[in-house]
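Hi everyone, thanks for making time for this one.

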Amino acid sequence: MEKPQIICHVEKATALSLFDCRWIPCSAKFVVLGSKPKGTGVINIYEISEGDVTLVKEVEKPKAFKCGTFGASSLRDRFLATGDFEGKLSVWNLENTIGPVFSSNAHKEIINCIDGVGGQNIGCGAPEIVTGSRDGSVKVWDTRQKGKPVATMEPAEGDARRDCWTVAFGNSYNSEERIVCSGYDNGDIKMFDLKTMSLRWETNVKNGVCGIEFDRKDIPMNKMIATTLESKFCVFDVRTQHSKKGFAYLTEKAHKSTIWLGRHLPQNRDIFATCGGAGSLCLWKYNYPEKRVTCDVDGAQMGNAGTLSLLQNTTLSTQPISSLDWSPDKQGLAVCTSFDQTVRVIIVTKLNTL
């Protein structure tokens, strides 16, 4: 019992196909994104009260929602950015959802993934949203500039277009630096430097990349997790880049199924959860090596990967866990959705002892 325990606090069955969930910052509320059987999109707002969750508001729109983020919004506004099955990017004021405060026909096909940065408490620089789509393109948006994206990363004309499954911001520690990392269905991972507008690094992990996340967006790049289709995930030490070998990394096998995503604990960047296709949830701790940097024979610096400890694992559902979000305000509180059409609020104990 000295280990952290994963407790399912509340289960809420819905009639929706659930794709994403996000805590509303500075509140006991969270949003769930998905679709009704007839194909319309739904934003549901739930509130935790007295050991249960209650549906506060339901917003229905013509197209199904796939993903959402609060990352580019200030804590005062708390605007939700969403990507839908038609390729539309919208930003919503949840107090008044008649129409979006910003919208763009961002992609020709479904927006699979979204991330935000530059909100009041997440990183420096401009408030920006990044979207990745089945059309193979990754686009960066500043909602203060209507119409077109501020950056587009896509294959050259005639090149094969791979399905982009995941995007993440990182390295946003001052007003100039910013990185976007994207993962694709063929195992490619690409790191774009938005300061120099160039491809900084790329690799292939031999399996479709389902999820990418930096341990923090608002610090000089430290660690990054990439989860894949066939039971494997990689943790990259992205602090030190070698000119030929790239970033040091370690690979771990888990879940015996697709690992849909990895999510770092907001209060401790060395602890993260991975969510599996068999409805399982694993909690991990990253242990740094004695020396993070060594030198090769030519004297060039290269990184050293650390090790992982499995803190706890549990099975929450019979179906894949499609999304998970840690509460930024309460350590150990999280919400997750799965393909069994159920929303779960979970509590992880003893995280303050790690």
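So, to begin: in what order do the four strands of the open sheet come, and is the pairing parallel or antiparallel? The order is 6-7-8-9, and the strands pair in antiparallel fashion. Keep in mind that this is a predicted model.

On average, neighbouring strands here are turned by 20° against each other, direction ignored. If you zoom in on strand 8, residues 89-92, you will find three bridges joining strand 8 to strand 9.

Let's move on to the aromatic rings. How many aromatic pairs does a search of the whole structure find? The search gives eleven. Take Trp201 and Phe247: their ring centres are 4.8 Å apart and their planes stand at 75°, and since an angle over 60 degrees counts as edge-to-face, that is what we call this pair. Trp201 sits in strand 17, residues 198-204, while Phe247 belongs to strand 21, residues 246-253, so the contact ties together parts that are 46 residues apart in sequence. Are these two buried or exposed? The cut-off for buried is under 20% relative accessible area. Trp201 comes in at 10% and so counts as buried, and Phe247, at 4%, is buried as well.

Here is another edge-to-face pair: Phe233 and Phe272, with 5.8 Å from centre to centre and 85° between the planes. Phe233 is in strand 20, residues 232-242, and Phe272 is in strand 23, residues 268-276, which puts the two 39 residues apart. Both Phe233 and Phe272 are buried.

Going back to Trp201 for a moment, ring pairs link Trp201, Phe236, Phe247 and Tyr249 into a cluster.

A search of the whole structure finds 21 salt bridges, and I've picked a few. Asp163 forms one with Arg134, where the closest N and O atoms are 4.0 Å apart. Asp163 is in the loop between strand 13 (151-153) and strand 14 (164-170), and Arg134 is in the loop between strand 11 (128-133) and strand 12 (138-142), so this pair ties together parts 29 residues apart in sequence. Asp163 counts as buried at 15% relative accessibility, whereas Arg134 is partly exposed at 43%.

Next, Lys223 and Asp270 meet in a salt bridge at 2.8 Å, N to O. Lys223 is in strand 19, residues 223-228, and Asp270 is in strand 23, 47 residues away. Lys223 is buried, with a relative accessibility of 1%, and Asp270 is buried too, at 15%.

The last pair is Asp340 with Arg344, also a salt bridge, at 2.8 Å from N to O. Asp340 is partly exposed, at 22%, but Arg344 is buried, at 5%. And to finish, which residues do salt bridges with shared partners join into one network? Those are Lys36, Lys38, Glu58 and Glu60.

Note on methods:
Residues are numbered from 1 along each chain as its sequence is written. This is a predicted model: local features need pLDDT of at least 70, side-chain atom pairs count only at pLDDT 80 or more; totals for chains, interfaces and linings use all residues. Side-chain values use heavy atoms; hydrogens and water are left out. Two strands pair if DSSP finds at least two bridges between them. Axes are lines fitted to C-alpha atoms, for helices over the stretch in contact, and angles run from 0 to 180 degrees between N-to-C directions. Rings of Phe, Tyr and Trp (its six-membered ring) pair if their centres lie within 6.5 Å; planes under 30 degrees apart count as stacked, over 60 as edge-to-face and the rest as tilted. Buried means under 20% relative accessible area, exposed over 50%, partly exposed in between (1.4 Å probe, protein chains only). A salt bridge is a side-chain nitrogen of Lys or Arg within 4 Å of a carboxyl oxygen of Asp or Glu.
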